[in-house]
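Colleague: Hello! Could you walk me through this model, one question at a time?

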Amino acid sequence: MFIALTIIGGFIILTFGAEALVRGASAVALRLGIAPLIIGLTIVAFGTSAPELAVSVKSALAGNPGIALGNVVGSNIVNIGLILAITALIRPITVQSQMVKRDIPIMICASVLMWFLLLDGEVSFIDGAILFSALVSYLVFSYVSAKNNPEDLDLDASPQHPGLSIALIIMGIAMLVGGGILFVNGAVDLAKQFGISEVIIGLTIVAIGTSMPELVTSVMAALKGQSDIAIGNVVGSNIFNVLGILGATALIHPVSAAGFNRIDFIAMLIFAFMVLPFAWSGLRIGRREGVVLLAGYLGYTSYLVMQVG
């Protein structure tokens, strides 16, 4: 009963946190003269990825590298195969050309870099430094690019007070972190009761649980007509998961790939590559693409379930 209440309570907190974060981030984008896409790729994406960071660092320090790495790999798969799919099914997503030319290719390159660094079986301290340095470079480049190309801004909208916007962002991120941790703890406890392995828990239960902020935030953004924030959240989160979360975790403690099946990494790469042609075609990810992504995710999940059996 307690586990069920923890999961339900976590989800409720996530919902309110996502609402606050989207409202605050949208207002900040308007006031700073930065396109909502950039806010979605940075503030919103990193804020919704906070639970992944907390869980991965905690798992690495506790000697559970399977959960730490599985959380990153699984979350990236969930973000595209489940979250982007559901968001597109609810409302087709309009994609800016910048996303297709720059941000999605960067997401793919980050995934390939992760694969390359794991060829020796672990992400070391030096590997973590490389990943984190790449994240800093991406952030600087995104900010400079946004200031030099102020486009797609709703200049007629009335911005809310900056203090309120910042308060909403801080409150939203705090609720997403708290709700995400509650949800994950309940889900992990439930999974352990059924004797599910650490790697599978990381790839599925923890990955889905820590990705709940991205799901709720992207759906909320889509329903509000903020497609830029919706897809920016997914792509930005995937970039941050690899470069930021895996990088920071490896700087604290080496992350081993022991117990991982190569298919899990291949699935992550396939989903990353799938987004590019889908987004390129008409600069729109519609319901048909959403169905394909969701079918792929359900197929991957079915494979994991068979592995458990």
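This is a predicted model: local features need pLDDT of at least 70, side-chain atom pairs count only at pLDDT 80 or more; totals for chains, interfaces and linings use all residues.

Colleague: Is V44 buried or exposed?

Modeller: Buried means under 20% relative accessible area, exposed means over 50%, and partly exposed is in between, using a 1.4 Å probe and protein chains only. V44 has a relative accessible area of 0%, so V44 is buried.

Colleague: Which residues does V44 touch, not counting those up to four places away in sequence?

Modeller: Contact here means heavy atoms within 4.5 Å. Leaving out residues up to four places away in sequence, the partners of V44 are L21, A25, I39, T217, I229 and N233.

Colleague: T217 is on that list. Which residues of α10 does α9 meet?

Modeller: Helix α9 covers residues 212-223. From its side come E214, T217, S218, A221 and A222. Their partners in α10 are S227, I229, A230, N233, V234 and S237.

Colleague: How are α9 and α10 oriented, roughly parallel or roughly antiparallel?

Modeller: Axes are lines fitted to C-alpha atoms, for helices over the stretch in contact, and angles run from 0 to 180 degrees between N-to-C directions. Angles under 35 degrees count as roughly parallel, over 145 as roughly antiparallel, 65 to 115 as roughly perpendicular and the rest as oblique. The axes of α9 and α10 are 7 Å apart, at an angle of about 160°. The pair is therefore roughly antiparallel.

Colleague: And what about α5 and α10, roughly parallel or roughly antiparallel?

Modeller: Helix α5 spans residues 97-117 and helix α10 spans 227-252. Their axes are 10 Å apart and the angle is about 30°. The two helices are therefore roughly parallel.

Colleague: How many nonpolar residues are in the contact of α5 with α10?

Modeller: Among those that meet are M99 and I104 in α5, and I231 and V235 in α10. Ala, Val, Leu, Ile, Met, Phe, Trp, Tyr, Cys and Pro count as nonpolar, Asp, Glu, Lys and Arg as charged, and the others, Gly among them, as polar. This contact has two polar residues and one charged residue, while the number of nonpolar ones is 13.

Colleague: At what angle do α5 and α11 cross?

Modeller: Helix α11 covers residues 262-280, and its axis comes within 10 Å of that of α5. The crossing makes the two roughly antiparallel, and the angle is roughly 170°.

Colleague: Where is L283 found, and what is its phi?

Modeller: L283 sits in the loop between α11 and β4. Most residues other than glycine have a negative phi. L283 is not a glycine, yet its phi is positive, at about 50°.

Colleague: Finally, what share of the chain's residues count as buried?

Modeller: The chain has twelve helices and four strands. It is made of 309 residues, and the share that count as buried is 55%.

Notes:
Residues are numbered from 1 along each chain as its sequence is written. Side-chain values use heavy atoms; hydrogens and water are left out.
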